[in-house]
Every structure is written in C-alpha cells, then in structure tokens.
Amino acid sequence: MVSSLPKESQAELQLFQNEINAANPSDFLQFSANYFNKRLEQQRAFLKAREPEFKAKNIVLFPEPEESFSRPQSAQSQSRSRSSVMFKSPFVNEDPHSNVFKSGFNLDPHEQDTHQQAQEEQQHTREKTSTPPLPMHFNAQRRTSVSGETLQPNNFDDWTPDHYKEKSEQQLQRLEKSIRNNFLFNKLDSDSKRLVINCLEEKSVPKGATIIKQGDQGDYFYVVEKGTVDFYVNDNKVNSSGPGSSFGELALMYNSPRAATVVATSDCLLWALDRLTFRKILLGSSFKKRLMYDDLLKSMPVLKSLTTYDRAKLADALDTKIYQPGETIIREGDQGENFYLIEYGAVDVSKKGQGVINKLKDHDYFGEVALLNDLPRQATVTATKRTKVATLGKSGFQRLLGPAVDVLKLNDPTRH
Ligand SMILES: Nc1ncnc2c1ncn2[C@@H]1O[C@@H]2COP(=O)(O)O[C@H]2[C@H]1O
Ligand SMILES: Nc1ncnc2c1ncn2[C@@H]1O[C@@H]2COP(=O)(O)O[C@H]2[C@H]1O
C-alpha cells in the first residue's frame, strides 16, 4: 500500500487488492480496467442522484463541456480547467484503441469472477470508511464506459435514478431494520446502498391483495418490512416469507414473465425498487453470482430439471475456486465437504491401486458420492489443467439440488 496516498485512495486500493486476490484473473489489465470502470460508474450514479443537494451548495458535479470552454480564460487557468474539469479517460470513442476495447472486451466470463468472501471483506472495509469527501478538482462528468458490460446491460451515462427521494430519519431507521439481514443489501458498498435506499418507494398492501401475478411483466422488486406473503406457481403454493425477505427479482433479472403469483397474507408494508435501479445497482453486485453462474448451471445436463428459481437459489450458494495443474482437489478417504461443478479445465479421477479411472472436463461434476451416501471420498481428484470449479457446501447440496439429486443418485459411478 502506498502510505502517502489519501485515506480514501488507500481504502480503494485495498478493495481492489481484495478483488484481485479473490478472482486471480489471468488477464490482469483487462480485469483491472473493468473493475475501475465499474467503480467509476457506481460513484457517478451515486453522485447523479445527489446532484440537487450539491447544486444547493453551489457545487457543480456535472459541468457542461461548452460552459467550460466558452468563457475567455488566461492560458494558465484554461489549462488548469482542462485538466481538472475535462479530464478524459483514455478509453473514449476517439481513442485509436477504443475499437479494440469495444470489440474484445467481453473476452472471458472467467475474468468476471468474484468471491463472496471478497465481497464481504469489501463491504466491511467500506463500512469503516465513510463516503469520501469530493476532491478539489472532482469531475463527475468524466467518461466511464469502456466495455460491453455483460452484467449491467444498460449504460450509466444515460441513467438518472427517477425515483430518488432522500428518506426521512424515521424511514431510514425502519429501513435499516428491514434490510439488515437481507444478504442482497449486505453485498452493496455504502454508496450503492445509500443510493438504493433512497430509490425505494413505500407501498402499503392490504391482506389478500395480489402483489404480483404470474405471467405479468416485471416492474418492481420488493422488500418486506411488515407482514407475510405467499407464493403460488400454477396455483400451487410453493413458498411463503415475511419481514426482511425480498421477492420479484427474477422477472427483472432475466427479462422474463413473473414466475409466481405473490399474495399478501396479512396487511403488508413493502419497499419497492424500480426495474432500472434494480438492474443498475443490485444486479451487478448482489445478484452477480446468479448471472455469473447462469450459463454454467443451464448447460449442465444433471441440473436440467431445475427451474429458474431453483437455479438462482443454487447460484447464490456457490463459490469459485481455481486449481493449478497437478493440484489435488479431493483426496480418497477424506471426509466430503463440497460438491464441485467444473466451469472449465480438466481433472483425473484416480483410485489407490487402480490409477486413473476417469477423466472429467468442462461442465462435468464430481464429489457427489461422499455427500449422497455419507461415505469417505471414494477417489482422488487432481487437476490436469488450470481448472475453475464452482463449489457447493454440504448443507447447500442437501437443500438446493431438488430433483437433480435423483439424477445424481442414478448416475452414481460407484453404484455397481
Ligand atoms: N418457488 C418459486 N418459484 C418462482 N418464484 C418464486 C418462488 N418462490 C418465491 N418466488 C418469488 O416470486 C417472485 C415472482 O416474481 P418474479 O418472477 O419476478 O420473482 C419471483 C421470486 O422472487
Ligand atoms: N469410478 C469412480 N469411482 C469413484 N468416484 C468417481 C468415479 N468417477 C468419478 N468419480 C468422482 O470422484 C469423486 C471423489 O469424491 P466422491 O467420492 O465424493 O465423489 C466421487 C465422484 O464424483
């Protein structure tokens, strides 16, 4: 860490370091460029929402470019103004390299990995450092976009949060209680959290009212402050939930029709977040894992029987690990703790006295035998290439695989 830097910059570097440790990217520069542009976008969105507040204090966050250059200025002041107000990212459209970035940026979904632990560390670090004061020459207008961001399909440049309304102290206290244990909000850094909180709209719903109808288009995501709701899929009750829980994310995430009908089973007080803010802020952070693992989970034949909802819940529980060639992932005779899905790479399965008995690759799985049968590991699994796996802990394995467990049992390689 460069100790001469201001405290905020040091905190920022620490966050970055955490992300790097967790993702272990093979293309460091690509990863870094994406990371910092994302941070810039988040900061921009946060400030855009608070623009009126700053205007009232005569602070211009988003200066008009013409304004900056139309007034006659001394050479000295002009050059100062150019560098401070019109700072231009090297990745703007006119840059000769920009086409390279535009066409080649979505390289490898592998580089967008983030580890839950790192996110929690990030949250922890940010919680400790309050919103940094604006630097003297701060310019919120600076360009941020470089890549086709797969996780955040719309561009922040075109977006202002329409539903932004500073909450009263009393509302904030209530909200703090409702979202304290909601993992979606715990994943947000403090700026984004504040932005989301101020974009939430309060909605009272009487007992018996239908809040969401299966098949409808998605408009809002909901957090329950008070009351209880039931979920119905094709008229069958599948779930219920209460204060602190949230629902209505699937249609907004996947641009799909509502997957369930949601009915209030008591008078409810809800907080609603509009579709666009949800996609801009929550999708890329709180639901990052769902998007990150979506392709993998969809492509695995063993998981074909899972619904979108099941897959989403499963993705929430996954973690990523990368193994280098020659590394042992599972050792025969050990206790089983995890189930593994291979995102990419190759592994050998071997048994004492028998040598290699199986070879597995992209989109195969392993580690299920010990968990299904409560046995020690039945074989050793070793990476033969750089291998990236998604891991699911024992309790998640028992809770979240639903009908896929029957398929795993049927395919158990030790059955005969
Ligand atoms: N078993 C379930 N299947 C589908 N959706 C569910 C289920 N249980 C809860 N839900 C929630 O119900 C919501 C209905 O709207 P969405 O499809 O947008 O998002 C859905 C989920 O948040
Ligand atoms: N023929 C095999 N015998 C035992 N395990 C195998 C075989 N082929 C693949 N495997 C995988 O190797 C894993 C070793 O750990 P588990 O016994 O938990 O689960 C095992 C299976 O997922």
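**Helix packing and ligand shells**

A: Helices H13 and H14 are oblique to each other, and this follows from the angle between them. The model is predicted, and the values below are computed from it. H13 covers residues 288-299 and H14 covers residues 308-316. Their axes are 9 Å apart, and the angle is about 120°. The range for roughly perpendicular ends at 115 degrees and roughly antiparallel needs over 145, so an angle between these two limits counts as oblique. As for handedness, H13 passes H14 in a right-handed crossing.

Angles under 35 degrees would count as roughly parallel. H2 and H10 cross in a left-handed way.

H10 also packs with helix H12, residues 275-285. In this pair the axes are 10 Å apart and the angle is about 160°. Angles over 145 degrees count as roughly antiparallel, and H10 and H12 are therefore roughly antiparallel to each other. The crossing of H10 and H12 is left-handed.

Next come the ligands, starting with ligand 1. It has 15 residues around it, and the closest are Gly248, Glu249, Ala251, Arg258 and Ala259. Three of these residues can be followed to single atoms of the ligand. The side chain of glutamate 249 has an N or O atom 2.6 Å from an oxygen atom of ligand 1. Arginine 258 places a polar side-chain atom 2.7 Å from a ligand oxygen atom. For alanine 259 the polar atom belongs to the backbone, and the distance to an oxygen atom of ligand 1 is 2.7 Å. Ligand 1 exposes 450 Å² when taken alone, and the protein buries 93% of that.

Ligand 2 is surrounded by 15 residues, of which the closest are Gly367, Glu368, Ala370, Arg377 and Gln378. A polar backbone atom of glycine 367 lies 2.8 Å from an oxygen atom of ligand 2. With glutamate 368 the side chain is involved: one of its N or O atoms is 2.5 Å from an oxygen atom of the ligand. Glutamine 378 has a backbone N or O atom 2.8 Å from an oxygen atom of ligand 2. Taken alone, ligand 2 exposes 440 Å², of which the protein buries 92%.

Which elements supply at least two residues each of the shell around ligand 2? They are strand S13, residues 355-361, and helix H15, residues 368-373. H15 gives the most to this shell, with 3 residues. By type, the shell around ligand 2 has 9 nonpolar residues, 4 polar ones and 2 charged ones.

Terms used. Residues numbered from 1 in each chain as written. Chains lettered and ligands numbered in written order. Predicted model: local features only at pLDDT ≥ 70, side-chain atom pairs only at ≥ 80, totals over all residues. Heavy atoms only, no water. Near = heavy atom within 4 Å. Polar contact = N/O pair within 3.5 Å; in protein donor to acceptor, adjacent residues only side chain to side chain. Areas by Shrake-Rupley, 256 points an atom, 1.4 Å probe, with all protein chains shown as cover. Helix = DSSP H or I, 4+ residues; strand = E, 2+ residues; numbered from the N terminus. Nonpolar A, V, L, I, M, F, W, Y, C, P; charged D, E, K, R; others polar. Left-handed = near helix turned anticlockwise from the far one by under 90°. Axes fitted to C-alpha atoms, helices over the stretch in contact; angles between N-to-C directions. Parallel < 35°, antiparallel > 145°, perpendicular 65-115°, else oblique.
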